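Biologist: Please put the sequence and the structure on the screen. I would like to ask about cores and sheets.

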Amino acid sequence: MEWGSESGAVRRHRVGSERREESAAATTQPERETPAQELPADARGSGTRTRKRSQAGGGGAGSGLSEARAALGLAFYLLVLWALVQLSLQQLVLRRPAGHRGEFNARQARDYLEHITAVGPRTTGSPENEILTVQYLLEQIKLIEVQSSSLHKISVDVQRPTGSFSIDFLGGFTSYYDNITNVVVKLEPRGGAQHAVLANCHFDSVPSSPGASDDAVSCSVMLEVLRVLSTSSEALQHAVVFLFNGAEENVLQASHGFITQHPWASLIRAFINLEAAGVGGKELVFQTGPENPWLIQAYVSAARHPFASVVAQEVFQSGIIPSETDFRIYRDFGNIPGIDLAFIENGYIYHTKYDTADRILTDSIQRAGDNILAVLKYLATSDMLAFSSEYRHGKMVFFDVLGLFVIAYPYRIGSIINCMVVMAVVLYLGKKLLQFKHKTVNYTKDFLCGIGITFISWFTSLVMVLIIAVFVSLIGQSLSWYNHFYVSICLYGTAAAAKIILIHTLAKRFYYVNASDQYLGEVFFDVSLFVHCSFLVMFTYHGLCSAFISAIWVAFPLLTKFSIHKEFKRHGAQGKFVVFYLLGMFIPYIYGMYLIWAVFEMFTPILGRSGSEIPPDIVLASILAVCTMMLSSYFVNFIYLARSTKKTMLTLTLVCTVTFLLVCSGTFFPYSSNPANPKPKRMILQHMTRTFHDLEGNIVKRDSGIWINGFDYTGLSHITPHIPEINDTVRAHCEENAPLCGFPWYLPVHFLIRKNWYLPAPDVSPRNPARFRLISKEQTPWDSTKLTFEATGPSHMSVYVRAHKGSTLSHWSLGNGTPVTCKGGDYFVFYSHGLQASAWKFWIEVQQVSGEQPEGGMVTVAVAAHYHSGEDNRSSHLDVLMEKLPDWVFPIAWVCTYSLFVF
C-alpha cells in the first residue's frame, strides 16, 4: 500500500509513532547517529537516508507531492508547450499588404502556380512538360523582361542536354538522359558579371500528380522573385541565374545537365535549391554547405521568416530518409556550396493527385517568396560571393527558435560551449561524488544505482513497446495510427511511460527503502543531468552539430537547479518549487517539443511509403519510446517526490490496454479519402508483357499481367476484400536467372518492396513499341568482349544487366566508365529522353574471369519500356482494375513491356 492510500489519521499516527521510535533510538544509541553538522551540505538540505521510510514506501509526514496534482500538472505543462509549438507553426508570415513595388506578391505567384498545375501531370518527355509548360515559362519570362529596369539585363536560354552519371542513391545505379529540357534565365547588371548565385526549381512532376508543391510552387516563387529583382531600382553586384529544370523527378538528371554542360555554370559560386517533401506550411532549410558557414550566416541575416535546423541536415545526410535533391548534384558534380529548402508539412499527399494548388496557403507562398527574395538579393550584393572559397572551411551550428529567429555559430564555438557545459556538470557532480562517505548517506552508491535503474527503465520500456508493435504487425493491424496519429501515442507512448514509472516506483519501494523523498528527488535529477551530459560528450566527440540539443538539456536544468536549490532545501517539493522548476525547464522542453513535431511531421508520412520490408509500427514505437525517455528524464524525480504513482500507472495502463484492444479489433482504419485531409494508400499498377529469350534468340517464355506493388507494409491485405482476385494465390515469383527477379522495376527499389502480385491479363501492344538489338560484338586487345546495343522506345526505359558466373563487367560507355552495381549485385540503368531523341546507343565490356567460355552465355541484359504519358499509357484492363479500387487508394498506373536477352 502506498502512502496516498492511507487515511490521514492513520498516517499521522504512524508518523508520530515512527518519530517517537526514532527519537528513543537516538537517545539510547547516540553512537549510531552523526550530528547533522557533520553531514554533507547537500545531504542535510535534501533530507538524508537516515529518515526511515514507511514499509509502504511513503515519504515524510505529508511532505510528498499529491499524485493527482503532479500528474495533471505535468500533463497540462506538456500540453501548453505543445500548443505553443503549434501556434508558432501556424504563424507563417506577419500580416501586411502585398504587391508593393519591390515586394514579393504571393497573389501573382499563385497565378503562375495555377497556370502551371492546370497543365496536369508533367512527366519528362511528355508534351505537357516539354512543350506546354516550357512555352508558358518562356511567355512569362518575356513579359518580365519587357517590364524590367534598364539597370538590369536578362538573358534566356533553353538547354537540351544529354549526359550520364552514376549515383549511390537507392543502393547505386547509373542514369542516362537525352535531350531533356532546362529553361535558364540570367539576371545581371547591365555591364555583366563574373560571379553568380543560382536559384533552382523543377517544373516536371511524377506521373499522375499535378505536382503543385513538388515543385511548381517553387518555380512560381522564382518567377515572381525574377520579376521583383528585374524591376528593382537597386543595382546588383553579381548575376542571379534562375534554373527551371525539367527532369528532377528522373533522379536529378536536369540539374546534372546544367552544372556539367551549360556555359553559365562556370559563373556559379553558390546556389539555393527549392524543393518539397510535403505540401505547404513552412519551407525548412535542411541542408547547407558543404562547409561554407558564410551561406547560413547569409540566410540568418537576410531571411524574414527563418526556419532552419542543423538537426534536419544531419538526419537527411545520414541516409535515414530515402530521398535526394538537386543539392546532391551541385555539391558532388559542381563542387558548389548551397542551401536546400523544402516544404515538409502534410507529406501524406506528397507525390499524389491531391498535391494541388488550392492546398497551398497563400501565406506559405508569401513567406517562401519573402525569404528567397531577401536571401538572393543579399547574396547578389555580397562581396563574399566573389571570394566564397576564402570562407569555405568549417561547419555551422544553426537552429531557429520557434520560427522567430535563427541562432547560428561556428561548430568550433559550439564545441567550446559544449565543453564548458560538461565542465560545469563535472564540477557540480564531482563535488558530491568526491565527498566522504557518511555512515548513513552513500550518495555515490545511490547515484550509480540510479543510473542503472534509469537505463533499466528505458530498456524495459523499449522492449515493451516493441513487443506490442511486433504483435500488432503479426496480426495484420500495422499503420492503424496512420490516419489517427493519437492512436500511436495512446498505444505506444502510454506503454513506454507506464513502464518507466513502474520501474522507478519499484525502485523507490523496494530498494531505496530508507531514503527520504527529497533526497531521492535530488539523486534522480542528478542522474538525468549525467545522462544528458553523457550524450553531449558523445555527440561532441563524433563531431555532430546536433550536440547543441544536449547542451540545452544540460545547461538550463543545471541553472534551474542552482536557482531553486535553497527553496527545495527549506520547503521541499511544494507548489512554489514545482512552478519554478517547470519554468526553468521551459526552454529545453519547448525546443524538445519543437523537434518532436518535426520528427513526426516528416517520418510518419514516410512510413506509409517505405516499402513492404520495414515494419512501420516497430519504427514508430521506437521513436515514441525515445521521445518518452527524453520528455520523462527531468520528470522522473517527481516519481520519488510524489506520495504515490498508483493512479497514474493505472490510468496509463488502462488507456494502453483499451487502445490495444481497439487496434487489434481493426477499429482504426489506416487510410482516408476525406477531401479535407486525405491519407491515401499508394500502389503501383503496371500492365506488362514479358518476353524471355535464350542464347540463340529464341523465345522461351512469354506472359502478360498486371504487376502490383504496394508502397507500405500492409501489402494488399486491405485491397483483397474489395478485389477478391488479388490475393496470395497471385503473388509474384522471382525469376532467379533474371536480373532483379525478371520484373520491370522503374527504380532499383526491389530490396524495399519484396511483396508484389502478378494478376494475369492479356498482352499489351503499344503503338510505339520499344526495340532493343545488339549492333556489334567484338573482342578487344585486352581480352574482353565488347557488346554494343541500340535501344529506342518511350521517354522512360530501364536496363538491367547481370554478369554470369565466370564473367564480370569491366567497363561501359555510361557514367564515368566504371559499372556500378545496385543492391543484389545486378546493374541498373535508368534512361529517359525528351522530345525528338535519337536512338540510344551504348556498349558494355564483359571480362572472362575463369578463362573458359560459359555454356549459358556471358551476360543477361533486359530492357523495360515505361509508358508514362500519351496514348500508350493505359489499357482497358488497367482502367477496369483501377475502377474497382476503393477511393482511399492512390494508384500510379502505366503500361510497360519487358524483354530479356542472353549474350
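**Cores and strands**

Modeller: The largest nonpolar core has 200 residues, and those touching the most other members are F242, F244, Y299, Y492, F548, Y581 and L685. A nonpolar core is a set of buried Ala, Val, Leu, Ile, Met, Phe, Trp, Tyr and Cys residues joined through side-chain atoms within 4.5 Å. Buried means under 20% relative accessible area, exposed over 50%, partly exposed in between, using a 1.4 Å probe and protein chains only. This is a predicted model: local features need pLDDT of at least 70, side-chain atom pairs count only at pLDDT 80 or more, and totals for chains, interfaces and linings use all residues. Residues are numbered from 1 along each chain as its sequence is written, and side-chain values use heavy atoms, with hydrogens and water left out.

Biologist: Leaving aside neighbours within four places in sequence, which residues is Y581 in contact with?

Modeller: Contact means heavy atoms within 4.5 Å. Neighbours of Y581 within four places in sequence are set aside. That leaves F525, T560, I564, Y634, F635, N637 and F638.

Biologist: In what order do the strands of the seven-strand open sheet lie?

Modeller: Strands (E, at least two residues) are DSSP runs, numbered from the N terminus. Two of them pair if DSSP finds at least two bridges between them. The pairing in this sheet is mixed, and the order is β1-β4-β6-β5-β7-β9-β8.

Biologist: Why is one side of β1 and of β8 left without a neighbour in that sheet?

Modeller: β1 (152-159) and β8 (283-289) stand at the edges. One side of each lacks a neighbour because each has a single partner strand.

Biologist: Is strand β9 largely enclosed or open?

Modeller: Six of the six residues of β9 (residues 338-343) are buried. One side holds G338, D340 and A342, the other I339, L341 and F343, and both faces are covered. With six of six buried, β9 is therefore largely enclosed by the rest of the structure.

Biologist: Which residue of β9 stands opposite L274?

Modeller: Strand β7 (residues 268-276) pairs with β9 in the parallel sense over six bridges. β8 pairs with β9 in the antiparallel sense, also over six bridges. V285 stands opposite L341 in β9, and the residue opposite L274 is L341.

Terms used. Helices (H or I, at least four residues) and strands (E, at least two) are DSSP runs, numbered from the N terminus.
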